[in-house]
Amino acid sequence: MNLHLLSLLGGRLLVALLTLLIVSFVVFCATQILPGDVAEVLLGQAATPEAVAGLRAAMHLNDPAILRFFRWLGGMLTGDLGISYANNRPIAELVAGRLGNSLQLAAATALFSVPIALALGITSAMLRGSLYDRSVTMATITVISVPEFMIATAGVLIFAVWLKWLPALSFARDVHSFGEMLRIYAMPVFTLSFVISAQMIRMSRAAVVEALNTPYAEMAQLKGASRPRVVLRHALPNALGPIVNAVALSLSYLLGGVIIVETIFNYPGIAKLMVDAVATRDLPLIQSCAMIFCVVYLLLITTADVIAILSNPKLR
Amino acid sequence: MSPLVEIRDLKVEATTDAGRRVEIIKGVSFEIAPGEIVALIGESGSGKTTIALTLLGYTRAGCRIAGGSVSVDGRDMAALSEKERAKVRGVDVAYVPQSAAAAFNPAQRIMDQVIEITRIHQLMPRPAAEAKAVELFKALSLPAPESIGSRYPHQVSGGQLQRLSAAMALIGDPKVVIFDEPTTALDVTTQIEVLRAFKSVMRQSRMAGVYVSHDLAVVAQIADRIVVLKGGEIQEIGTTEQILSAPKHPYTRELLAAFSPVARVAAQAAATASPPPQPVLELDAVSAGYGRLQPNGKPLMLAVDAVSFKLERGRNLGVIGESGCGKSTLARTIAGILPPSSGHIRFDGRPMAPLARDRTPEELRKLQIVFQSADTALNPAQSIEDILGRPLAFYHGLRGPARDARIDRLLDLVHLPRALKHRLPGELSGGQKQRVNLARALAADPELVLCDEITSALDTVVAAAIIELLKELQRELGLSYLFISHDLTTVQAICDEVAVMYRGVKVEQLPADQVGKAGGHPYARLLMSSVPKLDPSWLDTLERDPELVAAFSKR
């Protein structure tokens with residue numbers, strides 16, 4: 001039985017690694033077919049053909065693509081992300097600070113939104129059909145349908161411009177106190193929470209409602225169990241699989257999909273770094289960012305799968 | 001002695017999807033004395049479970065108690081608040097569910113669920129509760145009573161789960177236990193064990209009980225009195241003896257009559273006086289199963305193991321066996337849904353391709369299958385007209401008025417009013433849906449119809465009517481049936497010969513009236529002797545060969 005579980009988990013990990021390999025190949029190919037020759041772009045329009053040829057040779061650009069792919073992949077595995085074309089600094093250095101910023105913002109948002117979203121979803125499932133349930137549902141649908149740049153700009157307009165409670169920009173501010181940190185993070189975190197909570201609320205509500213409709217939930221009620229006990233002891237453990245998956249999907253958005261929020265609040269995160277890299281044709285940087293997004297996404301999804309597997313006694 | 005439970009003029013209302021209020025229990029009154037077991041019997045929709053659940057002060061979603069009183073030990077469950085009702089549930093009134101497999105939480109260990117009532121109501125400390133649970137496991141003759149509680153529900157069998165659910169109900173020493181069709185989902189050989197365990201525990205503890213069932217023979221074994229219900233109203237109340245031997249109400253008589261259908265007369269054989277005709281279907285050592293093929297050419301999970309038989313034109317063959325014996329897989333193999341791993345199927349003397357998609361349209365037309373559940377076999381989004389019209393267009397190329405006329409004739413054949421053809425399957429009753437299901441097979445003008453448990457989901461009276469219809473259609477259209485069922489009495493009512501299957505193997509094939517007689521295969525005898533009889537003393541006097549039971553019972 002345990003062997004079966006190990007093979008199941010091993011299988012999940014293997015699939016994740018395989019996905020990563022395929023994605024890295026696709027990322028590499030995609031950046032290769034971008035128009036323009038890297039050497040020409042780097043040297044500018046005044047470059048002599050000899051200089052271009054020399055640079056191409058120096059950058060191993062004349063090697064077959066597959067060889068370059070493996071060289072790049074090997075570098076990634078050993079932690080060598082390459083050198084940025086745009087400013088000649090190691091990419092690892094560029095990414096490190098930005099990734100830290102992004103992870104901070106993501107962690108703050110997750111800590112804030114996941115408990116609230118789950119609580120809202122589960123309570124509205126418990127009070128299904130009540131006024132409370134309907135208003136939560138209405139609110140989530142409203143939030144889903146409003147694009148995030150609207151929420152972000154409205155937030156800036158109201159809290160920064162009119163009320164002057166919060167700073168409009170998060171950039172270039174040294175944080176000295178906890179209160180200051182709260183002020184800086186408040187608006188980006190709120191905006192992102194709005195975006196990712198809606199899905200979590202809807203999914204956790206649906207999963208718990210489904211579990212409450214089962215005969216074992218009815219049985220628990222007929223044993224005299226109170227409503228909270230039925231939900232917490234009987235419905236929730238069986239709804240865990242879909243809920244953690246919804247949470248993982250929502251959280252994965254926090255790294256790659258936050259470009260709008262990062263731009264509006266001028267937050268120095270990794271999504272903004274990648275967009276800047278596209279503007280300067282900084283191929284190694286684009287590739288590295290894409291790979292980081294992919295790794296985080298797979299990490300979250302695989303964790304959710306593992307939790308779902310472990311929470312199911314039939315598989316355990 | 002004053003009654004323990006007193007139900008007076010109980011009315012329950014249901015709100016339909018359209019928002020209309022419908023009274024589903026229309027003023028029911030009866031009482032239960034301490035220690036007495038009262039059975040509620042009736043077909044589905046008669047309100048028997050609804051009434052039983054009101055003893056717990058519980059109604060399913062969309063229903064509410066609209067009037068009357070349900071007094072349990074002096075308290076009116078209909079008038080209590082939800083909080084006060086919760087205090088009564090599990091302590092004074094306990095519930096044994098219909099499907100224990102669904103009523104156990106798959107994510108919790110069995111012991112935690114069995115003693116949950118003592119935890120909720122704080123009846124006793126945990127070790128005491130666990131010790132009591134083990135005592136109950138022993139009393140219910142569960143295997144490994146000390147350790148079975150540490151397993152998860154999916155790790156024990158259906159019959160064991162059903163007994164465990166009784167332990168779950170009895171742990172709080174309730175005054176009344178409600179049994180909601182607790183053996184309906186079990187095989188007959190398992191049902192006996194469970195019934196015996198229930199009966200002995202109830203006798204020892206002197207608890208009162210409500211036993212909800214549609215099966216008169218099961219109820220006869222366990223109940224002191226029987227309440228016969230139909231359409232939310234009581235038809236007759238009487239002692240078990242009186243209901244069985246001297247039923248007063250016509251509906252009770254109908255129920256009793258449906259229970260013992262007229263066996264198919266062997267005189268059918270007269271039709272086959274002419275030289276033996278060509279068999280319409282012939283199976284030669286057909287094996288089939290699921291999973292990858294092993295090196296020896298057999299699938300990983302062999303469900304049908306080298307089954308051979310011949311079915312002659314105009315004759316019927318019944319296939320019986322318990323769940324998991326491979327009878328449905330056999331039907332799927334013959335129909336070409338699942339290809340056999342070895343062996344040959346001949347139809348009208350010609351070998352047939354293993355897969356339906358390789359068979360000629362003519363072969364497909366002549367061999368039709370009717371599935372167990374009309375609910376899932378009929379497309380809920382198509383009208384009856386479309387459902388029946390499709391095979392007519394496919395096999396016969398009928399269109400327009402010719403097609404409409406044929407649909408009308410088909411509906412006449414299965415005794416459905418023509419006006420039904422504009423309805424959707426969801427708007428028909430269970431019996432009507434099964435008739436449409438049958439009519440769809442008949443639309444092809446088949447020679448052989450595979451009937452896979454087609455009466456299992458139906459009430460006894462409705463099932464008896466479907467069997468009558470099958471016989472009538474056979475006389476009119478000269479069909480042959482391969483009739484698959486777990487219910488021996490139904491099979492005997494329609495078939496000339498019966499094949500008994502056990503673990504994928506055909507253990508015996510006999511004329512229908514010979515099955516289970518001495519000299520037959522031991523499994524067939526065990527199966528036959530396990531079918532409950534209307535005689536109330538049947539269970540107590542039944543003696544089964546322990547070796548036989550040990551050899552064939554799945555437990």
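Contact here means that the C-beta atoms of two residues, placed from the backbone, lie within 7 Å. Helices (H or I, at least four residues) and strands (E, at least two) are DSSP runs, numbered from the N terminus. By class, this contact of α11(B) with α18(B) has five nonpolar, one polar and one charged residues. Ala, Val, Leu, Ile, Met, Phe, Trp, Tyr, Cys and Pro count as nonpolar, Asp, Glu, Lys and Arg as charged, and the others, Gly among them, as polar.

A word on the model and its labels. The model is predicted, with local features needing pLDDT of at least 70 and side-chain atom pairs counting only at pLDDT 80 or more, while totals for chains, interfaces and linings use all residues. Residues are numbered from 1 along each chain as its sequence is written, and chains are lettered from A and ligands numbered from 1 in the order in which they are written.

Back to our helix pair: the axes of α11 (residues 250-259) and α18 (residues 460-477) of chain B come within 9 Å and cross at roughly 55 degrees. Therefore α11(B) is oblique to α18(B); angles under 35 degrees count as roughly parallel, over 145 as roughly antiparallel, 65 to 115 as roughly perpendicular and the rest as oblique. Axes are lines fitted to C-alpha atoms, for helices over the stretch in contact, and angles run from 0 to 180 degrees between N-to-C directions.

Now step back to the domains of chain B. The domain assignment, from an automatic or database source, gives domain 1 (5-259) and domain 2 (277-533). Their centres, taken over C-alpha atoms, are separated by 35 Å. The contact takes 14 residues from domain 1 and 13 residues from domain 2 of chain B. On the domain 1 side, α8 (188-205), α9 (216-222) and α11 of chain B each supply at least two residues, and α11(B) gives the largest share, four residues.

Chain B also holds an open sheet of six strands, in the order β16-β17-β18-β13-β19-β20, with mixed pairing. Its edge strands are β16 (367-370) and β20 (505-511), each pairing on one side only; two strands pair if DSSP finds at least two bridges between them. At one end of that order, β19 (residues 497-502) of chain B is joined to β20(B) by six bridges, and the two run antiparallel. Within β20(B), B:Leu510 stands opposite B:Val498. Helix α12 (residues 327-335) of chain B lies across β13 (316-320), β16, β17 (448-452), β18 (480-485) and β19 of chain B, at about 150 degrees to β17(B).

The residues that make the contact are A:Leu94, A:Val95, A:Arg98, A:Leu99 and A:Ser102 of α5(A) with A:Ile270, A:Ala271 and A:Leu273 of α12(A).

Finally, look at where the chains touch. The contact takes 16 residues from chain A and 22 residues from chain B. On the chain A side, the elements giving two or more residues are α9 (215-222) and α10 (227-256) of chain A. By class, that side has seven nonpolar, six polar and three charged residues.
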